[in-house]
Amino acid sequence: MAEPRGLGSGDRRERRWRATDRFDEERSGGGGRALLVALLLASVTLITLDQQGGSASPIEPARRVAGEALGPVEAGADSAVRPFLAVPQWFQSQSDLRDDVTRLENENAELRQQVNTSALDRNRLAEYDDLTAAAKDAGRALVPARVIAYGPAQAFTRTVTIDGGASSGIRPDQTVVNADGLVGRVIRTTRTTATVLLILDADSVVGGRVGESMEIGFLRGRDVLGSDARLDLELVDTTVVPAKGDTVVTWGSRDGAPYVGGIPIGKVTSVFASPRETTQRAVIEPFADFTSLDLVGVVVPSGTRGDRAVVEADGSLK
């Protein structure tokens, strides 16, 4: 057969090479398909043989041999890899434990605070009850307030600061009491606080009356706090000698300022006579404990309005 005109020997070689490449590709693809078919047939055959299951399966011996051969390898690989796989879980466990410890510490702190403050809460509730009873006994309206500071010793005065002031209806020259008795008088106020001069101050003078004899006199402080806190009482009638244990109450000032009458002050512990001055001096132990002052009441006119409730003379809060 004659070759086409114009086609050289180089073109003929190129056409032979292309035919050879197509043959190789077809042969390679055919081999892959044949392998795939063979694997599918083998799989179907194994599944069919293994349908019997259990020890009766014909492939069970082969499975057993493979298990015995590969089992130690799997166990070794698991032992080697397990520590590395457990690292993230260990960090997560540590984080959870720290969170639990922090939560428990906060709960313990809260419980300790509740235990520590429960006694204080009970005492303050009792103080409110006692102050209400004191208002009823004295027949006076009281503005409750708390002692928030003691005056510095360098000031040479015995004063305390309370957390109620002009906005609560408190004014200077008002009587201050607590559940036990007379505390002092208001000497100055701000909008939210007031300064109280204690009856223990050396410059404090209170008109007193001996309850049993109704004799009157004047009490002066010794400027001493604590268990040695005492007042000196000098009666107007120098011939009268008060008895040990007699109770002394406030005499009462005009218009109740600075002291209203009938407030318990203390009791007579001893009496000293001064022949040169021909006077009797009684030592009075105050009822109020001035080293633990907390809740006090300022005597105000009934119906006083302010930023806090007033304990009225009948014990009600208004």
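Modeller: Accessible areas come from the Shrake-Rupley method with a 1.4 Å probe, and for residues only the protein chains shown count as cover. On that basis the protein chain exposes about 20100 Å², of which carbon and sulfur atoms supply 55%. This is a predicted model, in which local features need pLDDT of at least 70 and side-chain atom pairs count only at pLDDT 80 or more, while totals for chains, interfaces and linings use all residues. Residues are numbered from 1 along each chain as its sequence is written, and side-chain values use heavy atoms, with hydrogens and water left out.

Biologist: How many helices and strands does the protein chain have?

Modeller: The protein chain has 2 helices and 12 strands. Helices (H or I, at least four residues) and strands (E, at least two) are DSSP runs, numbered from the N terminus. In order from the N terminus, the elements run α-α-β-β-β-β-β-β-β-β-β-β-β-β.

Biologist: Why is D294 called buried, and where is it found?

Modeller: Buried means under 20% relative accessible area, exposed means over 50%, and partly exposed lies in between (1.4 Å probe, protein chains only). D294 has a relative accessibility of 14% and therefore counts as buried. This residue is found in the loop between β11 (279–286) and β12 (295–300). Contact means heavy atoms within 4.5 Å; leaving aside residues up to four places away in sequence, D294 touches R124, E127, A145, R146 and V147. Over the protein chain, buried residues make up 26% of the 318 residues.

Biologist: What makes G169 count as buried?

Modeller: The relative accessible area of G169 is 10%, so G169 is buried. G169 is found in the loop between β2 and β3. Apart from residues up to four places away in sequence, G169 touches Q174, V300, T304 and R305. The C-alpha atoms of G169 and V298 are separated by 9.4 Å, with the two residues 129 apart along the chain.

Biologist: Why is strand β8 described as largely enclosed by the rest of the structure?

Modeller: Strand β8 (residues 231–235) is so described because 4 of its 5 residues are buried.

Biologist: How do you know that β7 and β8 pair, and in which sense?

Modeller: Two strands pair if DSSP finds at least two bridges between them. β7 and β8 have 5 bridges and pair in the antiparallel sense. The bridge partner of F218 in β8 is E234.

Biologist: What makes W90 and F91 an aromatic pair, and of which kind?

Modeller: Rings of Phe, Tyr and Trp (its six-membered ring) pair if their centres lie within 6.5 Å; planes under 30 degrees apart count as stacked, over 60 as edge-to-face and the rest as tilted. By this rule the count comes to 2 aromatic pairs. One of them is W90 with F91, at 5.0 Å centre to centre and 80° between the planes, and this pair is edge-to-face. W90 has a relative accessibility of 49% and so counts as partly exposed.
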